[in-house]
Amino acid sequence: MTSLRYKIGLYYFVIVVIGLATSAFAVYNFSRLRDTFGLVLRDNYESVSAAQNMFKALERQENAQLSMLLQDIDLAYVQFNTNRVGFIGWLDKAKRGSLDEREKVVLDRITQDYHRYNQLSDSLYRLLQIKGQSSVASNFKSRVIRPVADSLKENCFEYLEINQIAMTRTEERLNQTANDATLTVITISLIAVFMSIFTSARFSKTILQPAEKLTQSVRRISEGQLNQKIDVNTDDEIGELGSEFNKMTERLRSYEQMNIHQLIAEKKKSETIVENIADPIIVTDRQGALMLMNQAAAAVFDVHGSDWLAKPLREVIGNQSWAEMLELNGVQRYEEEKRDPLFAFVRNNVTLYFRPRQAQIVDEQGNVQGVVTLLQDVTRFKDLDRMKSEFIATVSHELRTPLTSLSMGIDILSQGVVGAVNQRQRELLIAAKDDSERLRKLVKDLLDLSKLESGKYEMKKEFVDFRKLVAEAARPLRLPFEEKQIQLEFDVPERLPALFADPHQLIWVVTNLLSNALRFTDSGGSVHLTAQEEEDKLLVTVSDTGHGIPREHQETVFDKFVQVKSPTDTTPGSVGLGLAIAREVVEAHGGRIWLESTVGVGSTFFFTLPAGRQSEI
């Protein structure tokens with residue numbers, strides 16, 4: 001058996017030999033051309049360069065002579081001698097090359113003229129050393145030295161012209177040599193190409209044709225036609241591969257017949273489980289097309305029939321915000337943006353609430369193929385929360401009247417209307433008055449929170465200048481900040497967009513955030529409030545250098561009755577409603593509120609408000 005490796009190696013060896021022979025011949029010709037070019041062109045190039053530099057040195061000497069006549073004689077003479085050395089150097093370099101008879105004659109004339117030129121220039125210098133001889137020296141320069149200099153320039157130009165003509169002739173000779181070499185290389189290359197084509201054709205016939213036949217059979221098998229037989233009549237490895245592949249297809253055919261019923265049964269079982277889950281379930285691919293939906297989900301989204309399969313989620317579900325949340329990483333985006341991913345459906349005048357939970361479908365390579373979304377029914381918890389809010393509102397409302405009476409009674413006793421009170425009794429009455437005020441504030445906060453949550457709080461909106469609003473909110477806090485020695489800074493630009501909002505509620509939010517910063521910042525720290533416009537909203541930040549909020553509490557500080565206290569915090573009167581009310585106020589205005597905090601470094605609270613438009617609740 002002639003192995004496939006032997007066949008491939010033989011054909012490649014022939015092609016490599018042809019390529020090497022062609023390359024060696026081309027390298028030989030172009031190497032010979034390069035040597036000829038370098039040998040001939042080097043001398044001419046150096047001669048041309050020497051002639052050009054001699055002419056430049058002579059020009060500089062002429063300029064130095066003029067400077068001797070007009071300016072500092074000694075400095076100009078130094079420049080003259082410097083260029084004299086340069087001229088002689090280039091002249092010696094020109095004489096060292098291979099010279100013909102004409103070049104020798106011209107260089108001898110240049111040598112003689114330059115010797116005469118230097119002698120006359122030295123005489124000019126000595127003449128200028130004598131006072132009152134400037135006119136004589138100028139006349140000597142123009143009548144005696146200039147003719148010698150002109151003759152010297154003509155000889156330099158003649159020497160340059162001789163070498164330029166020689167370079168032109170050299171170029172013509174090299175072009176002819178290059179053309180001959182190129183023609184020879186092209187001829188040899190064409191012969192090599194034809195030989196390579198012939199070798200490749202033979203290679204294709206003996207090796208590639210069986211491989212193509214094998215590929216066609218494999219392609220039909222991959223399309224599901226497992227009854228294919230690969231007919232390869234070669235005695236090499238491809239023939240053995242065809243034989244083994246026929247055995248494999250036979251085993252695949254048996255395996256398919258054995259497992260197809262089991263796969264169908266598993267699919268039916270999975271679909272039955274999904275259909276009988278009470279919570280809505282939706283399965284989409286990574287492009288957002290629907291792959292599966294149980295009856296509970298179809299009822300929630302009011303989808304009928306089965307034509308929804310493989311359709312885009314945004315097309316089947318009319319609400320685009322819901323569709324966006326149900327897509328790949330949709331719930332994660334909502335949580336990163338600090339938005340509550342919650343669905344609210346009205347069905348038969350009853351509001352149902354669902355919280356989505358998503359899990360990605362990942363293949364064996366770790367690639368995401370789709371996402372499963374489970375809509376958890378949280379209606380019961382929302383109802384419990386609503387009933388709790390209503391209960392708190394009722395209790396708070398009922399407490400207002402007795403608290404008012406209690407406060408009035410304490411005031412009457414404190415003023416001595418029903419009899420004189422001693423100092424001990426007055427202290428007890430003051431303490432009772434303080435506790436009554438804290439209870440009254442707690443009842444007011446509970447009532448405000450319940451109204452905001454239920455949407456019954458009537459916002460008194462107007463156009464508000466946020467800079468003035470901040471000044472009004474900070475006015476009562478300046479003294480506490482000064483007493484605690486905490487620096488309060490503001491960065492609120494004058495030209496901010498007007499807000500259409502309830503000024504009293506926003507003042508309450510700003511005051512609450514500043515009071516919290518004051519409470520949890522030690523003496524010597526600082527609190528900084530900034531405001532800036534971002535697109536169509538106003539972004540407000542309140543940052544401090546206080547204790548910071550642990551990460552495990554950052555998600556719950558905006559909930560009702562949640563407090564984050566240090567073991568040494570003894571401040572009374574706070575039950576954890578301030579941030580909850582702040583969140584309700586901000587969200588009622590169409591904004592959102594969140595925080596960033598590091599323990600031991602400080603906290604920064606952010607909230608946004610729509611700018612330049614009227615947002616209704």
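This note goes through the predicted model point by point, from the overall picture to the sheet, its helices and selected loops.

1. Overall picture. The model is a prediction, and its secondary structure comes to 15 helices and twelve strands. The protein has 617 residues, of which 36% count as buried, and its accessible surface comes to about 37300 Å², with 54% of that area belonging to carbon and sulfur atoms. When contacts with a separation of 6 or more are considered, 64% of them are between residues 24 or more positions apart.

2. Five strands, in the order 7-9-10-12-11, form an open sheet in which the pairing is mixed. The edges are taken by strand 7, residues 487-491, and strand 11, residues 593-598, and each of these has a single partner strand, so one side of each is left without a neighbour in the sheet. From one strand to the next, the twist averages 15 degrees.

3. Pairing of strand 10 with strand 12. Within this sheet, strand 10, which covers residues 537-544, runs antiparallel to strand 12, which covers residues 602-610, and the two are joined over seven bridges. In general terms, the strands of a sheet pair through backbone hydrogen bonds, either parallel or antiparallel.

4. Helices packed on the sheet. Helix 12, residues 466-474, packs on the sheet and touches strand 7, strand 9 (526-534) and strand 10, with its direction at about 170 degrees to that of strand 7. Helix 14, residues 503-519, also packs on the sheet, where it touches strand 7, strand 9, strand 10 and strand 12, and its direction makes about 170 degrees with that of strand 12.

5. Helix 14 against helix 15. The axis of helix 14 comes within 10 Å of the axis of helix 15, residues 578-588, and the two cross at roughly 145 degrees, in a crossing that is left-handed. Helix 14 contributes Gln 505, Leu 506, Trp 508, Val 509, Asn 512, Leu 513 and Asn 516 to the contact, while helix 15 contributes Gly 578, Leu 579, Ile 581, Ala 582, Val 585 and Val 586. Sorted by class, the residues of this contact are nine nonpolar and four polar, with no charged residues.

6. The hairpin of strands 1 and 2. Strand 1, residues 281-285, pairs with strand 2, residues 290-293, in the antiparallel sense over three bridges, and Val 283 stands opposite Leu 292 of strand 2. The two strands form a hairpin with four residues between them, and in the turn Gly 288 has a positive phi of about 90 degrees.

Key: Residues numbered from 1 in each chain as written. Predicted model: local features only at pLDDT ≥ 70, side-chain atom pairs only at ≥ 80, totals over all residues. Heavy atoms only, no water. Pairing = 2+ DSSP bridges. Axes fitted to C-alpha atoms, helices over the stretch in contact; angles between N-to-C directions. Contact = heavy atoms within 4.5 Å. Buried < 20%, exposed > 50% of the residue type's maximum accessible area, 1.4 Å probe, protein only. Areas by Shrake-Rupley, 256 points an atom, 1.4 Å probe, with all protein chains shown as cover. Left-handed = near helix turned anticlockwise from the far one by under 90°. Nonpolar A, V, L, I, M, F, W, Y, C, P; charged D, E, K, R; others polar.
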